[in-house]
Amino acid sequence: QVQLVESGGGLVQAGGSLRLSCAASGRTLSSYAMGWFRQAPGKERDLVARISWTGSSTSYADSVKGRFTISRDNAKNTVYLQMNSLKAEDTAVYYCATSKYPGVYRYDYWGQGTQVTVSS
């Protein structure tokens with residue numbers, strides 16, 4: 001069983017930046033796809049960004065393209081989400097997730113989430 005712990009959330013002014021981290025324990029992340037999701041109050045949980053098991057492929061929701069960057073450091077068993085030019089609508093709880101199985105995009109294990117609040 002893998003445990004995921006997010007950190008780096010907080011309160012930031014619009015236009016500012018935050019970097020979220022997702023540290024894993026219990027298993028290496030190196031062969032597994034990772035995703036960052038977010039959920040705002042009263043809304044569904046949506047995929048924000050994902051990165052392949054090799055790290056060579058990334059994709060983003062249209063709403064964050066050009067502003068967010070997902071990356072991974074397999075040596076540290078950690079995935080990051082760099083968030084720049086933050087907007088009020090980015091306010092949400094952010095979750096990282098990964099798969100039970102290597103080499104596929106699916107999300108079976110989840111962290112507890114970290115709150116990001118962007119003030120306008």
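Mentor: Contact here means heavy atoms within 4.5 Å. Keep that in mind as we look at this predicted model.

Trainee: Which residues is Arg-67 in contact with, leaving aside its neighbours within four places in sequence?

Mentor: By that cut-off, Arg-67 is in contact with Gln-82, Met-83, Asn-84, Ser-85, Leu-86, Lys-87 and Asp-90. Arg-67 itself is found in the loop between β6 (58-60) and β7 (68-73).

Trainee: Why is Arg-67 called buried?

Mentor: Its relative accessible area is 10%, and buried means under 20%. Arg-67 is therefore buried.

Trainee: What makes the pairing of the Arg-67 and Asp-90 side chains a polar contact?

Mentor: A polar contact needs a pair of N or O atoms within 3.5 Å. The contact joining these two side chains is 2.7 Å, so the pair meets that distance cut-off. The side chain of Arg-67 also reaches the backbone oxygen of Ser-63, at 2.9 Å.

Trainee: How do you know that β4 (34-39) and β5 (46-51) pair?

Mentor: Two strands pair if there are at least two bridges between them. β4 and β5 have 5 bridges, in the antiparallel sense, so they count as paired.

Key:
Residues are numbered from 1 along each chain as its sequence is written. This is a predicted model: local features need pLDDT of at least 70, side-chain atom pairs count only at pLDDT 80 or more; totals for chains, interfaces and linings use all residues. Side-chain values use heavy atoms; hydrogens and water are left out. Helices (H or I, at least four residues) and strands (E, at least two) are DSSP runs, numbered from the N terminus. Buried means under 20% relative accessible area, exposed over 50%, partly exposed in between (1.4 Å probe, protein chains only). A polar contact is a pair of N or O atoms within 3.5 Å; within protein, one must be able to donate a hydrogen and the other to accept it, and residues adjacent in sequence count only if both atoms are side-chain atoms.
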